[in-house]
Amino acid sequence: ASFGFREVAVEAKQDLVDEVFHKVARRYDLMNDLMSGGLHRVWKDAMVVWLNPPRSGAPYRVLDVAGGTGDISFRIVERSRGHARATVCDINGSMLAVGRERAEKRRLAETVDFIEGNAEDLPFGGTSFEAYTIAFGIRNVPRIDRALAEAYRVLKPGGRFLCLEFSTVDMPALDRLYDLYSFRAIPAMGRLVAGDSESYRYLVESIRRFPHQERFAQMIRDAGFARVSYRNLSGGIAAIHSGWKL
Ligand code: SAM
């Protein structure tokens, strides 16, 4: 099959994304470890450290959009020593099903719940959450500006927006290595482990098309967020963007 992700219309893009994650849901966590060499754990930890969820005080509710199998939510709840409550919202029932099973195994079913919903049209009322997180999710959403507007809407005043996403590598030697890794190794691993190189080629293409750090920061400002900043991780392979609804 030819690989036409680049040309597809906005409506079709979501269908393709859904198909990819239905297909990989059961192997998603394993593939993450293999393809990032475990680095995704370090990046996710960095995001949750930056969020620094409180361990006591007023209720702290986090909405973890495109939360998939729960990695970010579990970390937040654990780091807050059980004080924070997290809601994983994802468009894909297969990913959520894996997440629910993991939550039960970790005895976190009481503190983390799983709700199906679209980042572009969240099934929550306005000003409901202290924090909004999205990790490796926003580049899959066809209309990023809508997702950002929704993030702003559901946050309480004083609420925090944090986004972890693949970004633009800004080191000359690293970027050549990274290209080799992305365009050769990742699809090959996808074929070997998941029997599916196309889904992983989609992954690589979607990463390359995502706006670079500065431009994405401006999109977050345009959605109304204040004090927008970002941190690069591993030479810009990933970045965390932060903003506040003031
Ligand atoms: N946040 C998790 C993590 O870091 O491991 C999962 C990230 S996974 C790469 C991307 C997730 O985005 C998938 O679970 C997919 O179903 C979800 N997704 C894609 N489009 C979405 C949308 N429009 N609204 C909500 N979730 C979406």
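Q: Okay, where does A119 lie?
A: A119 sits in the loop between β3 and β4 (129–135). Helices (H or I, at least four residues) and strands (E, at least two) are DSSP runs, numbered from the N terminus. This is a predicted model, where local features need pLDDT of at least 70 and side-chain atom pairs count only at pLDDT 80 or more, while totals for chains, interfaces and linings use all residues. Residues are numbered from 1 along each chain as its sequence is written.

Q: Is A119 buried or exposed?
A: A119 counts as buried because there are 23 C-beta neighbours inside 10 Å. The rule: buried takes 20 or more other C-beta atoms within 10 Å of a residue's own, exposed is 12 or fewer, partly exposed is in between, and C-beta atoms are placed from the backbone.

Q: Which residues is A119 in contact with?
A: Leaving aside neighbours within four places in sequence, A119 is in contact with V65, A66, G137, V141, A147 and E150. Contact means that the two C-beta atoms, placed from the backbone, lie within 7 Å.

Q: And what surrounds the ligand?
A: 21 residues do, and the closest are A66, G68, N92, A119 and A135. A residue is in that shell if its C-beta atom, placed from the backbone, lies within 6 Å of the molecule. The largest share, 3 residues, comes from α1.

Q: Which positions does UniProt give for "binding site"?
A: The unreviewed UniProt entry puts that feature at T69, D90, N118 and A119. UniProt positions are in the numbering used here, feature names are shortened, and annotations may be inferred rather than shown by experiment.

Q: Where's T69, then?
A: T69 is in the loop between β1 and α4. T69 is buried too, because 26 other C-beta atoms lie within 10 Å.

Q: Switching topic: how do β1 and β2 run?
A: β1 (residues 61–65) and β2 run parallel, joined by 5 bridges. Strands pair if DSSP finds at least two bridges between them.

Q: What do β1, α4 and β2 make?
A: A right-handed β-α-β unit. Right-handed means that, with the strands pointing away from the viewer, the path from the first strand over the helix to the second runs clockwise. The chain then crosses from β2 through helix α5 (residues 93–105) to β3, and that β-α-β crossover is right-handed as well.

Q: How many residues of β2 are buried?
A: 5 of the 6 residues in β2 (residues 85–90) are buried, so the strand is mostly covered.
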